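Q: I have the sequence and the model open side by side. Could we go through some of the aromatic residues, the strands and the pocket?

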Amino acid sequence: MTGETSSPLSRIYHNNGNGTFTDIGAGLTPVTWGSVAWGDYENDGDLDLLLTGYGDIPGTTQVSKVYRNDGGVFTDISAGLIGVGNYSSGVWGDYDNDGRLDILLIGDNSSGYVTRIYRNTTATANTRHLHQLDCPP
């Protein structure tokens with residue numbers, strides 16, 4: 001989940017199977033006014049995370065990151081995505097039909113509203129199901 005209390009936050013909660021959830025301490029960049037989307041971009045069976053939003057409350061630092069999931073440990077892969085903030089969204093999808101999850105980013109950044117498609121060039125085609133969750137402000 002993403003959002004804010006007195007500052008931005010980004011957290012992943014593990015379902016304990018008994019109606020309770022535990023914050024796994026994933027170390028994600030805190031954001032607000034953004035979105036998160038799950039997708040297995042490198043087809044290793046672990047759902048990776050695409051995260052967008054503002055990294056500060058005044059709304060001046062735009063964030064777009066991909067976190068690789070290595071069995072519950074999340075690592076920023078430094079994907080080189082343009083940062084998007086206000087009402088931003090990032091989604092996974094295979095726009096070129098090559099079996100790999102690509103990225104669509106939309107939102108506001110320092111030069112105005114942007115839309116970008118990023119092509120996935122990993123070696124392994126994806127055959128897993130896509131799970132997406134967009135978080136409105």
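A: Let us start with tryptophan 38, which has a relative accessibility of 23% and therefore counts as partly exposed, keeping in mind that this is a predicted model.

Q: And phenylalanine 74, buried or exposed?
A: Phenylalanine 74 counts as buried, because its relative accessibility is 11%.

Q: How many aromatic pairs are there?
A: The count comes to three aromatic pairs. In one of them, the ring centres of tryptophan 38 and phenylalanine 74 are 6.1 Å apart with the planes at 65°, so this pair is edge-to-face. Since tryptophan 38 lies in strand β5 and phenylalanine 74 in strand β8 (residues 74-76), the pair ties together parts that are 36 residues apart in sequence.

Q: OK, and what about tyrosine 41 and tryptophan 92?
A: Their ring centres are 6.1 Å apart and their planes are at 5°, so that pair is stacked. Tyrosine 41 sits in the loop between β5 and β6 while tryptophan 92 belongs to strand β9, so parts 51 residues apart in sequence are tied together. Tyrosine 41 and tryptophan 92 are both buried.

Q: Which strand does β9 pair with?
A: Strand β9 runs antiparallel to strand β10 (residues 102-109), with five bridges joining them, and tryptophan 92 stands opposite isoleucine 103 in β10. Four of the five residues of β9 (residues 89-93) are buried.

Q: Switching topic, which residues lie nearest the centre of the largest pocket?
A: Among its 14 lining residues, those nearest the centre are Ile77, Ala79, Ile103, Arg119 and Asn120. The lining divides into nine nonpolar, three polar and two charged residues, and the pocket's volume is about 180 Å³.

Conventions. Residues are numbered from 1 along each chain as its sequence is written. This is a predicted model: local features need pLDDT of at least 70, side-chain atom pairs count only at pLDDT 80 or more; totals for chains, interfaces and linings use all residues. Side-chain values use heavy atoms; hydrogens and water are left out. Buried means under 20% relative accessible area, exposed over 50%, partly exposed in between (1.4 Å probe, protein chains only). Helices (H or I, at least four residues) and strands (E, at least two) are DSSP runs, numbered from the N terminus. Two strands pair if DSSP finds at least two bridges between them. On a 1 Å grid over the protein atoms alone, a cavity is a set of points where a 1.4 Å probe fits but cannot get out, and a pocket is an open set with protein on both sides within 12 Å along at least five of seven lines; lining residues have an atom within 4 Å of a point. Grid points are joined across faces, edges and corners, and a volume is the space filled by probe spheres set on the points. Ala, Val, Leu, Ile, Met, Phe, Trp, Tyr, Cys and Pro count as nonpolar, Asp, Glu, Lys and Arg as charged, and the others, Gly among them, as polar. Rings of Phe, Tyr and Trp (its six-membered ring) pair if their centres lie within 6.5 Å; planes under 30 degrees apart count as stacked, over 60 as edge-to-face and the rest as tilted.
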